[in-house]
Amino acid sequence: KDVDMEKIISKITKLLALSDLERNPSESEAVSASLAAQRLLAKYNLSMVDVTGERDPAEEIEQVIADVGTGKKWKYKLANAVANNYACKTFSQGSDKLVFYGYKADILIARRVYIYLFKVGNRLANQYVKKYRETISYDTRGIYNSFVSGFINGVEKELEKQCTALALIVQPEVQESWDIFSAAMGTRSWNIMSNDFEAYEEGFVEGKRALNAQYLEDDTRTVKTEG
């Protein structure tokens with residue numbers, strides 16, 4: 001009750017402005033700002049409506065491509081985890097592209113967080129495989145997939161906690177549009193095999209940590225939430 005909510009909302013507004021990659025060329029700063037804004041929203045039990053006002057009824061449902069430049073199968077499952085918790089939908093296009101579907105504000109932040117998480121998970125998984133090969137066994141079959149499987153589940157666990165607090169749900173208009181748009185789409189399974197418990201557990205821990213922006217690349221500018 002002693003918190004000045006106008007100041008908190010002002011901080012969140014500034015963070016949301018920093019998180020807009022169309023205006024901020026620094027990817028690391030934009031992602032860090034996005035996650036910081038979400039943490040403030042959850043901490044003070046605020047919603048995006050409290051900050052930005054009611055959603056414009058004329059706002060159109062859009063699509064945005066998220067290309068991480070690889071055909072690794074786990075990227076599809078990670079995209080589903082992000083979309084499920086950022087009030088949008090996702091589908092694959094062609095052989096390797098992913099598309100987020102929903103309101104612009106939702107799909108842009110979903111793409112931003114998704115690309116960041118994929119880069120972190122892929123880098124950490126490759127580091128883990130290298131360490132495993134050097135210290136345990138040259139046979140690393142299944143180690144990468146076990147790590148990223150845990151990473152995805154760690155991300156899901158943390159996202160669910162954040163997004164439940166923020167009541168981020170797919171809007172009825174988006175769901176209705178998606179049902180029509182996706183009616184002719186086939187279904188595909190993006191499950192990956194996990195056969196190493198220790199690699200899975202390491203990935204799970206790192207997935208949860210990644211949502212706290214602990215692996216953002218160093219940037220010349222620092223995200224500020226004060227003032």
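Author: Let's start with a term: helices (H or I, at least four residues) and strands (E, at least two) are DSSP runs, numbered from the N terminus. This is a predicted model, where local features need pLDDT of at least 70, side-chain atom pairs count only at pLDDT 80 or more, and totals for chains, interfaces and linings use all residues. Residues are numbered from 1 along each chain as its sequence is written, and side-chain values use heavy atoms, with hydrogens and water left out.

Reader: How much of the chain is made up of buried residues?

Author: Buried means under 20% relative accessible area, while exposed is over 50% and partly exposed is in between (1.4 Å probe, protein chains only). The chain has 227 residues, and the buried share of them is 45%.

Reader: How are α1 and α2 arranged relative to each other?

Author: Axes are lines fitted to C-alpha atoms, for helices over the stretch in contact, and angles run from 0 to 180 degrees between N-to-C directions. Helix α1 (residues 5-18) packs on α2 at about 150°, with the axes 7 Å apart. Angles under 35 degrees count as roughly parallel, over 145 as roughly antiparallel, 65 to 115 as roughly perpendicular and the rest as oblique. So α1 and α2 are roughly antiparallel.

Reader: How many charged residues are in the contact of α1 with α2?

Author: Contact means heavy atoms within 4.5 Å, and here Lys11, Ile12, Leu15, Leu16 and Leu18 in α1 meet Glu29, Ala30, Ala33, Ala36, Ala37, Leu40 and Leu41 in α2. For the classes, Ala, Val, Leu, Ile, Met, Phe, Trp, Tyr, Cys and Pro count as nonpolar, Asp, Glu, Lys and Arg as charged, and the others, Gly among them, as polar. That contact divides into 10 nonpolar residues, no polar ones, and charged ones numbering two.

Reader: Are α2 and α5 roughly parallel or roughly perpendicular?

Author: Their axes come within 10 Å and cross at roughly 115°. The angle therefore makes α2 and α5 roughly perpendicular.

Reader: How many nonpolar residues does the contact of α2 with α5 have?

Author: From α2 come Glu27, Ala30, Val31, Ser34, Leu35 and Gln38, which meet Ile109, Arg112, Val113, Ile115, Tyr116 and Lys119 in α5. By class, three are charged, two are polar, and the nonpolar ones number seven.

Reader: And α4 with α5: is the crossing left-handed or right-handed?

Author: The axes of α4 and α5 come within 10 Å and cross at roughly 140°, which makes α4 oblique to α5. A crossing is left-handed if the near helix is turned anticlockwise from the far one by less than a right angle, and right-handed if clockwise. For α4 and α5 it is right-handed.

Reader: Is Lys75 buried or exposed?

Author: Lys75 sits in helix α4. Leaving aside neighbours within four places in sequence, Lys75 is in contact with Val68, Thr70, Asp96, Leu98, Tyr114 and Phe118. Because its relative accessibility is 1%, Lys75 counts as buried.

Reader: What is the phi of Ala87 near?

Author: You'll find Ala87 in the loop between α4 and β2 (89-93), and Ala87 is buried, at 5% relative accessible area. Most residues other than glycine have a negative phi. Ala87 is not glycine, yet its phi is positive, near 55°.
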